Amino acid sequence: MNEFTYFSSYTEVRDVYLKEITFPNGKVEFKLSDRVDIEPVVGGFPLTYAKKIDEIAISTGSATGYVLLKKYTFNYDYFSINAGYKGKRLKLLSVTEGSGTTTRPPYVFTYNQLELPDKDSKSIDHWGYFNNAPT
């Protein structure tokens, strides 16, 4: 008689995102939105997308009432090599600081416009840098 033993394991990974930090004299809030450069998690409904931070708001006060001190707003776009998740990369275009009714001029970022490889490209050298060699 043959005896067989089978082992099975199951791993589930879920992203956890910080939405708020409260402390005795105030709070910090994080406003998030979906990213379109990372494939959503399949297996549940609705689909679960990776997030990006759109805004950080810092307030003073307590649970009975908060007053906004500062707000940072992030503006994004994507490097697009081709359609789909593999060909897109998130890029930060600007950060705008505000406090109450005053808004400062945004900090603007520029990028080298060289074409990026797909995320799963095998065209890398010994040190892991893209070398544009055919796979």
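Modeller: Let's start with a term: a nonpolar core is a set of buried Ala, Val, Leu, Ile, Met, Phe, Trp, Tyr and Cys residues joined through side-chain atoms within 4.5 Å. Buried means under 20% relative accessible area, exposed over 50%, and partly exposed in between, with a 1.4 Å probe and protein chains only. This is a predicted model, where local features need pLDDT of at least 70, side-chain atom pairs count only at pLDDT 80 or more, and totals for chains, interfaces and linings use all residues. Residues are numbered from 1 along each chain as its sequence is written, and side-chain values use heavy atoms, with hydrogens and water left out.

Biologist: Thanks! Which residues make up the largest nonpolar core?

Modeller: Five residues do: Val28, Phe30, Ile56, Phe74 and Val95. In soluble globular proteins, nonpolar side chains tend to be buried together.

Biologist: What is phenylalanine 74 in contact with, leaving aside its neighbours within four places in sequence?

Modeller: Contact means heavy atoms within 4.5 Å. By that rule phenylalanine 74 meets Ile53, Asp54, Glu55, Ile56, Leu92, Ser94 and Val95.

Biologist: Why is arginine 14 called exposed?

Modeller: Its relative accessibility is 64%, and the cut-off for exposed is over 50%, so arginine 14 counts as exposed. Arginine 14 lies in the segment before strand 1 (20-23).

Biologist: What makes something a strand here?

Modeller: Strands (E, at least two residues) and helices (H or I, at least four) are DSSP runs, numbered from the N terminus. On that basis the protein chain has seven strands and zero helices.

Biologist: How do you know how the protein chain compares with a compact globule?

Modeller: We use the radius of gyration, taken over C-alpha atoms, and a globule rule of 2.2 Å times the number of residues to the power 0.38. For 135 residues a compact globule would come out near 14 Å, but the protein chain has 22 Å. Along its principal axes, the C-alpha trace spans about 75 × 50 × 30 Å.

Biologist: What share of the residues counts as buried?

Modeller: Of the 135 residues of the protein chain, 19% do.
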